[in-house]
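Got the sequence and the model open?

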Amino acid sequence: MKCFLKLRIDEENGNASLGIFKRLLRIMLTFGEGLVFKMTSIAYSFMNNKSTGYNNESENSRRCTEVFTGSKNRSVSVTDVTSRGGTYPKQHRRRSSKNRRHPIKAKVQICVQFFKVGEIDTLKEQFTADVIVKAKWREPTLDGQNKSAENVDFSKIWNPKLYIENSYGDPKEQMRYRILYNDKGDAYISEKRVIKGTFMENLELDDFPFDVQDLTVTVVSELPSYEVELIEDETDHHVVNRQSFVDEQEWFLYMHTECSRKDIVIDQADNSIRRSALSVKCRAARRPGYFVWNIFMVTFLICTLSFATFSVEKEKPENRLQLSFTLILTAVAFKSVVNNSLPRISYLTYMDKYLLAAMIMLTVVCCWHAIVTTLPDASRDIVEIYVLSILAVIYFIYNIGFLIMIYLFPWRKRRTMVQKDRDYREDPPSGHSFLMNALSNASTSSASNVNIHTKVYNGNKHIT
C-alpha cells in the first residue's frame, strides 16, 4: 500500500518510471539482506547448538529473529526452522544438555594385598611382586535382585576401568567378579585382580646402604576424577605377606602399610583432566652387612695403612709415593664396584661420601711425601711428626663422626619403621589375622578353586 501511494506521488511529479525503479530496488535490497542474514543465522545457530548441546536456544532465537518486509510482517526464528526441519526437537536438546553435566561421583573402595614380594633391583629401580587388588563399588541396577555372578554379564555393567599406573611391561592379570548384597538389599560389585609383574619405583638412595625403600602400587582409574573417586576399603585392609618374601637375604620387609590418595595428570597437553589414584606402599630396609664388611671395613683398613708409609725413610720419596699410589688405586677399584651396584644418580650416598673422604686422605698423604723432601733437614723430622699426628686425629674424628651421623639420620628412619610395626602388631586392623591365614593357605592351594558366585576373567576373555 505504501509503495502504491508513493508511486502515485511520483506519477504526479512526472517521475513515475524513476520512482518505480527506486521502490523495486529498495524492496529487493531489503529482502536480500533479510534472506542472507537469516541463512547466516541458521548456520551459526546449528553449529552453536551442536557444540554446546543446545543450551542457548532462547537466546539464539531472540538474536536471530528477523522481520521480512512485504505485505505482512512475518517473524521467523531459528528455533522454528530447526524444529520444522526435524533435526533436533526441543525435548532432545534439553536432555542432551543435562547429559553433558558431570554425573554423580562414584566411590570405588580399593584394597591392595602384597601376596608375594620378589626381587628388589636397585640398579634398575624396580621390583617384582604378586599383588592382589580388590575393588568394590555400588551397582544400583542390581538392588534387590539377589542375582549370582553366573547370571550377570559384567561387560554390560558400569566399570571404573582400573589399571596399575607404575607397572612395567605387560603384567599378567586375572580378574574375578562377585556380587555382594547387604542387609538392605543394596548390590555391590566386587572385582579381584591377581597381578604378577614388575613395578617401577623411584628409589631414594641418599642413605645407601642404610636406606629404607618404599614399594608402591598405584591404582588409577581411566575415568576422570569428577566421575570416579578411589578410596580405601572400609572393611578390607591392606596386607603384606612376609612369609613369601623372596629377597630376604638382602632386604628386611616391614609388616605395616601406608596409603595416600592423589589426582594425577595423564595428558600433559590438557592439565584440566585429572584422574583419581590411590597409592599403597609397603617398606623394605636394606641389610647393610655385606657393604659394611666388604666395602667400609676394607676401605678403612686401606686408608689406615697409608699411615704406615711414614715408616719409610724420608730420603726415599719414590718408595713412599709408590706405596701411596697403590693404595689409591685399590680405593678406586672399590669405588667402581660400588658404582656397578647403584644407578647413575646425581647425588652422593653415604658410601660415596666415605670412599671419597678416604681417597682425599690418601691424596693428602701422597702430597706430603712429595713435599717432605723440600724441607730443611733440621726441621724435617719435627714437621713430619706434627703432620702425622694431625692427619691421624682428623681421620679418627671423621670415622667417629661418620658413625654418629649414621645413627642419627639413616638409622632414625629404621627406628621409626620398627615403631610402626610394633604399633601395627599391638593394634592390627580388623580381620588382619584372617587375611594372613587366607594368603598363607592360598599360596599352597590350587589356583582352580573359585568361589561359586564368582566369574574369572583373564583380561577380557572368560576362563571356563
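Q: At what angle do helix α9 (residues 377–408) and helix α10 (residues 410–426) pack?
A: Keep in mind that this is a predicted model. The axes of helix α9 and helix α10 lie 3 Å apart. The angle between the two helices is about 30°.

Q: Which residues of α10 make the contact with α9?
A: On the α9 side, the contact is made by Met405, Ile406, Tyr407 and Leu408. By class, the contact of α9 with α10 has 6 nonpolar, no polar and 2 charged residues. The α10 side supplies Pro410, Trp411, Arg412 and Arg415.

Q: Is Glu384 buried or exposed?
A: You'll find Glu384 in helix α9. Buried means under 20% relative accessible area. Glu384 has a relative accessible area of 8%, so the word for Glu384 is buried.

Q: Which residues does Glu384 touch, not counting residues up to four places away in sequence?
A: A touch here takes heavy atoms within 4.5 Å. Leaving out residues up to four places away in sequence, the partners of Glu384 are Phe310, Lys314, Arg320, Trp368 and Val372.

Q: How do helix α6 (residues 289–305) and helix α7 (residues 317–340) run, roughly parallel or roughly antiparallel?
A: Helix α6 and helix α7 pack at an angle of about 165°, and their axes are 10 Å apart. Angles over 145 degrees count as roughly antiparallel. That makes the arrangement of α6 and α7 roughly antiparallel.

Q: How many nonpolar residues does the contact of α6 with α7 have?
A: The crossing of these two helices, α6 and α7, is left-handed. From α6 come Asn294, Ile295, Val298, Ile302 and Leu305, and from α7 come Leu327, Thr330, Phe334 and Val338. Sorted by class, the contact has no charged residues, 2 polar ones and a nonpolar count of 7.

Q: What share of the 464 residues of the protein chain count as buried?
A: Zooming out, the protein chain has 11 helices and 14 strands. Its accessible surface comes to about 27,900 Å², with 57% belonging to carbon and sulfur atoms. Of the 464 residues, the share that count as buried is 39%.

Key: Residues numbered from 1 in each chain as written. Predicted model: local features only at pLDDT ≥ 70, side-chain atom pairs only at ≥ 80, totals over all residues. Heavy atoms only, no water. Helix = DSSP H or I, 4+ residues; strand = E, 2+ residues; numbered from the N terminus. Buried < 20%, exposed > 50% of the residue type's maximum accessible area, 1.4 Å probe, protein only. Areas by Shrake-Rupley, 256 points an atom, 1.4 Å probe, with all protein chains shown as cover. Axes fitted to C-alpha atoms, helices over the stretch in contact; angles between N-to-C directions. Parallel < 35°, antiparallel > 145°, perpendicular 65-115°, else oblique. Left-handed = near helix turned anticlockwise from the far one by under 90°. Nonpolar A, V, L, I, M, F, W, Y, C, P; charged D, E, K, R; others polar.
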